[in-house]
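Q: Hi, I'm new to this one. Please walk me through it.

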Amino acid sequence: MNDDVRMPTHIWVGAGIRQANLDGTPAMLRHRGEAMDGQVYIKIDLLDGRAWVLTRQRNLQGELSWASVPRSEPLSSDEAESYLERALQRDPDSWLIEVEDRQGRNPFA
């Protein structure tokens with residue numbers, strides 16, 4: 001049996017968005033990527049002109065985690081949009097999810 005079987009991206013993204021909305025955290029899909037294994041970006045709008053940009057990646061042990069990009073502090077909303085626009089131009093198979101949360105919580109974590 002293959003230990004590296006992964007759930008297709010479109011399934012966990014859709015389920016995560018539905019669960020976030022059910023929990024009262026507004027979340028929406030802004031860009032649909034490759035259904036089975038596209039890179040995922042989350043923009044968490046802090047509703048004060050700043051936003052976190054997160055991406056899912058594997059650590060050295062192979063475990064999935066979320067990391068802020070391009071730096072470890074919130075960006076201005078304009079900087080976040082510019083970063084995401086460039087990321088989607090480089091890899092149009094990526095997914096983009098937007099979440100609104102004043103505390104900056106990631107409902108996918």
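A: Happy to! First a term: helices (H or I, at least four residues) and strands (E, at least two) are DSSP runs, numbered from the N terminus. This is a predicted model, in which local features need pLDDT of at least 70 and side-chain atom pairs count only at pLDDT 80 or more, while totals for chains, interfaces and linings use all residues. Residues are numbered from 1 along each chain as its sequence is written, and side-chain values use heavy atoms, leaving out hydrogens and water.

Q: Which element gives the most to the lining of the largest pocket?
A: That's strand 3, with three residues. Helix 1 (9–22) and strand 3 each bring at least two residues to that lining. As for the term, the search uses a 1 Å grid over the protein atoms alone: a pocket is an open set of points where a 1.4 Å probe fits, with protein on both sides within 12 Å along at least five of seven lines, and lining residues have an atom within 4 Å of a point.

Q: How much space lies in that pocket, and which residues lie nearest its centre?
A: About 220 Å³, where the volume is the space filled by probe spheres set on grid points joined across faces, edges and corners. Of the 13 lining residues, Thr9, Asp37, Gly38, Arg56 and Leu64 lie nearest the centre. The lining divides into five nonpolar, four polar and four charged residues. Here Ala, Val, Leu, Ile, Met, Phe, Trp, Tyr, Cys and Pro count as nonpolar, Asp, Glu, Lys and Arg as charged, and the others, Gly among them, as polar.

Q: Back to strand 3. How many bridges join it to strand 4?
A: Five, and the two strands run antiparallel, with strand 4 covering residues 64–68. Two strands count as paired if DSSP finds at least two bridges between them. Strand 2 (residues 40–45) also pairs with strand 3 (residues 50–58), in the antiparallel sense over five bridges. Strand 5 (residues 75–76) is joined to strand 3 by two bridges, again antiparallel.

Q: What stands opposite what?
A: Thr55 is a handy landmark: Tyr41 stands opposite it, and its bridge partner in strand 4 is Ala67. Further along, Ala51 stands opposite Leu75 in strand 5.

Q: What about the turns?
A: The hairpin of strand 2 and strand 3 has four residues between the strands, and Leu47 there takes a positive phi near 65°. Strand 3 and strand 4 form a hairpin with five residues between them, where Gly62 in the turn has a positive phi of about 85°.

Q: New topic: is Lys43 buried or exposed?
A: Buried, at 5% relative accessibility. The cut-offs are under 20% relative accessible area for buried, over 50% for exposed and partly exposed in between (1.4 Å probe, protein chains only).

Q: Which residues does Lys43 meet in a salt bridge?
A: One is Glu81, with the closest N and O atoms 2.6 Å apart. Lys43 lies in strand 2 and Glu81 in helix 2 (residues 77–90), so the pair ties together parts 38 residues apart in sequence. Another is Glu98, at 3.9 Å, N to O. This pair links strand 2 to strand 6 (residues 95–100), 55 residues apart. A salt bridge is a side-chain nitrogen of Lys or Arg within 4 Å of a carboxyl oxygen of Asp or Glu.
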